[in-house]
Amino acid sequence: MNLTQLVLASHNAGKLKELQAMLGDSVQLRSIGEFSQVEPEETGLSFVENAILKARNAARISGLPALADDSGLAVDFLGGAPGIYSARYADGKGDAANNAKLLDALKDVPDAERGAQFVCVLALVRHADDPLPILCEGLWHGRILHAASGEHGFGYDPLFWVPERNVSSAELSPADKNQISHRARAMDLLRQRLSLK
Ligand SMILES: O=c1nc[nH]c2c1ncn2[C@H]1C[C@H](O)[C@@H](COP(=O)(O)OP(=O)(O)OP(=O)(O)O)O1
Ligand SMILES: [Mg+2]
């Protein structure tokens, strides 16, 4: 597989930055935004289904092999919600509204019941109709804070407490987050599968 150039099937600039930093110079990630501004509807019922759907769509539009990242936050107290609906939790009103809704849903919930996991599924297809997508999953365990803290990262990072570092994930430097995050774990597996580095 010629992987010097891949299209990233994502309109999320935070993901592009993190994934490109993890891959280094050996693989150039091009954003699907160069080819189309239309975002596919994420109709799957799982991270895997949505990742495959986004990867196929990007490969079809770009003619390049495509990598997709479907990710989100699964909160124990909420039975795994918002899960695959994390980006749409506050009806498309964006990260700040999503975070406010999550804080509200966990109002008065004690620390011991605020466990959560970030989930990342990476899907790589060689072409739009690839019958054998490569799938890699990463989880990151933490807990939901009572208030936002930190300026780095994106999405739910300011609300995600990282027990192994005693900070929120938005307080981690980008380099540190990229060593230990759900996305880093999935990317480690993908690198192994592709025999990169
Ligand atoms: O490291 C992370 N740090 C904080 N928040 C995160 C992270 N990783 C995923 N998330 C949140 C953001 C969004 O609310 C949802 C992903 O939704 P997801 O559909 O996969 O991505 P998206 O719509 O932002 O971009 P796209 O689908 O074009 O790749 O989970
Ligand atoms: Mg999305």
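Beyond its neighbours within four places in sequence, Asp-70 is in contact with Phe-47, Asn-50, Ala-51, Lys-54 and Val-121, contact meaning that the C-beta atoms, placed from the backbone, lie within 7 Å. This is a predicted model, in which local features need pLDDT of at least 70 and side-chain atom pairs count only at pLDDT 80 or more, while totals for chains, interfaces and linings use all residues. Residues are numbered from 1 along each chain as its sequence is written, and chains are lettered from A and ligands numbered from 1 in the order in which they are written.

Asp-70 sits in strand 3; strands are DSSP runs of E with at least two residues, helices runs of H or I with at least four, both numbered from the N terminus. Is Asp-70 buried or exposed? Asp-70 counts as buried because it has 26 C-beta neighbours inside 10 Å; the cut-offs are 20 or more for buried and 12 or fewer for exposed, with partly exposed in between.

The unreviewed UniProt entry lists Glu-41 and Asp-70 under "binding site"; such annotations may be inferred rather than shown by experiment. The two are spread over 30 residues of sequence yet cluster in space, with a largest C-alpha distance of 12.5 Å. Glu-41 lies in the loop between strand 2 (28-31) and helix 2 (47-62), and is exposed because it has 9 C-beta neighbours inside 10 Å.

Turning to ligand 1, 22 residues surround it, each with its C-beta atom within 6 Å. Strand 3 (residues 66-75) gives the most to this shell, with five residues.

Technical notes. Contact = placed C-beta atoms within 7 Å.
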